[in-house]
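Hi,

Here is the structure I promised to pass on. Have a look at it first, and then read on for what turned up.

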Amino acid sequence: MSEQGTNDVTLDAPSAPAVSGASPARSSPKPALRAGAALPDADAAVAAGIGKLDSSRLRADFGRQGAFLHLEEFLAPEVTAQLVASARALIPEINRNYLPGHKQGGSVSRHTIDERAPFIAELYRSKALIGWLEQLCGDKLLPSPDSDPHAYALYYYTRPGDHIGWHYDTSYYDGRRYTLLLGVIEESSCRLDYELHTRDAQVPDEPGSVQTTPGGLVFFDGDKLRHRITPLGANEMRVSLTFEYVTDPGMRPWLRFISNMKDAIAYFGFRQVFRKLAPRRKPRA
Ligand SMILES: [Fe+2]
């Protein structure tokens with residue numbers, strides 16, 4: 001069912017990413033993402049950006065929209081540029097998956113990001129970012145456990161027809177699961193279609209549709225937002241980065257099993273999902 005381990009990504013994106021300063025790193029299979037260029041301070045850059053926002057208004061918007069917020073611009077350009085460079089450098093690490101009738105695309109899990117793009121992990125743990133998201137949603141947010149490959153992950157749409165059908169980002173945790181989606185590369189006609197209030201009988205459903213532009217964000221409660229990504233066209237490319245935060249990282253064993261199987265089949269492959277769970281064998285002498 002899945003295409004685990006296949007890395008044959010089409011690299012025929014029509015143009016350079018829409019963010020200046022990005023440096024596609026296609027020629028080297030193992031680029032040193034931290035070498036040479038000075039990386040931005042993720043936390044400081046986010047804090048500076050947040051300081052310019054009207055957070056009380058955005059908090060009201062988030063509540064009025066049933067735990068959903070879209071901002072076309074959020075990240076500082078230097079942060080976006082670093083994400084673009086990382087996303088391009090990690091193309092050889094993509095795990096492709098195909099679930100007929102539901103999804104088709106590629107992904108790179110947090111485990112690979114930890115090894116190859118630690119700047120993304122720093123951004124995920126930015127105190128300024130988490131504190132601001134807590135303001136928006138009114139919940140105390142915690143990072144997802146180390147074993148969760150979705151904690152921070154890149155999602156690649158690189159072949160015509162790549163998409164994901166209507167779904168919720170269901171929480172298998174004991175608490176709520178929030179998704180922060182950051183636009184990274186947008187050279188496509190894909191849309192993030194959504195429907196607000198579908199699980200609130202008191203409020204009429206409200207459809208919407210946005211493009212996930214580089215440096216923009218979408219933040220939502222995974223169990224409340226019904227959403228999909230429409231199919232990629234020919235000669236297009238789209239990459240997004242999602243961060244997952246939880247209010248209680250506990251998970252019942254059978255839900256853990258369901259969650260792991262879903263992640264292995266639909267996203268990251270069995271090797272990535274179960275690598276942290278199984279004891280490592282000693283290499284034979
Ligand atoms: Fe989703």
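This is a predicted model: local features need pLDDT of at least 70, side-chain atom pairs count only at pLDDT 80 or more; totals for chains, interfaces and linings use all residues.

The buried set in helix 7, which spans residues 253–268, is Ser259, Asn260, Asp263, Ala264, Tyr267 and Phe268.

Now the wider view. The chain has eight helices and 12 strands, and 42% of its 285 residues count as buried. If you take the contacts between residues at least 6 apart in sequence, 85% of them join residues at least 24 apart.

Next, the core. The largest nonpolar core has 65 residues, and the ones touching the most other members are Leu133, Leu154 and Phe219. Helix 3 (residues 77–89) is the top contributor to this core, giving seven residues. As for Phe219, once you set aside its neighbours within four places in sequence, its contacts are Leu69, Leu133, Leu136, Tyr178 and Leu180.

There is also a helix pair to look at. Helix 1 (residues 42–51) and helix 6 (residues 127–137) have axes that come within 7 Å and cross at roughly 35 degrees. Helix 1 brings Asp43, Val46, Ala47 and Ile50 to the contact, while helix 6 brings Lys127, Ala128, Leu129 and Trp132. By type, the residues of this contact are six nonpolar, no polar and two charged.

Most residues other than glycine have a negative phi. Ala67, however, has a positive phi, near 70 degrees, and so does His197, also near 70 degrees. Ala67 is in the loop between helix 2 (55–64) and strand 1 (68–71), whereas His197 belongs to the loop between strand 8 (192–196) and strand 9 (206–210).

Are these two buried or exposed? Ala67 counts as buried because it has 24 C-beta neighbours inside 10 Å, and the cut-off for that is 20 or more. His197 has 18 C-beta neighbours inside 10 Å, so it counts as partly exposed.

Cheers

Key:
Residues are numbered from 1 along each chain as its sequence is written. A residue is buried if 20 or more other C-beta atoms lie within 10 Å of its own, exposed if 12 or fewer, and partly exposed in between; C-beta atoms are placed from the backbone. Helices (H or I, at least four residues) and strands (E, at least two) are DSSP runs, numbered from the N terminus. Two residues are in contact if their C-beta atoms, placed from the backbone, lie within 7 Å. A nonpolar core is a set of buried Ala, Val, Leu, Ile, Met, Phe, Trp, Tyr and Cys residues joined through C-beta atoms within 7 Å. Axes are lines fitted to C-alpha atoms, for helices over the stretch in contact, and angles run from 0 to 180 degrees between N-to-C directions. Ala, Val, Leu, Ile, Met, Phe, Trp, Tyr, Cys and Pro count as nonpolar, Asp, Glu, Lys and Arg as charged, and the others, Gly among them, as polar.
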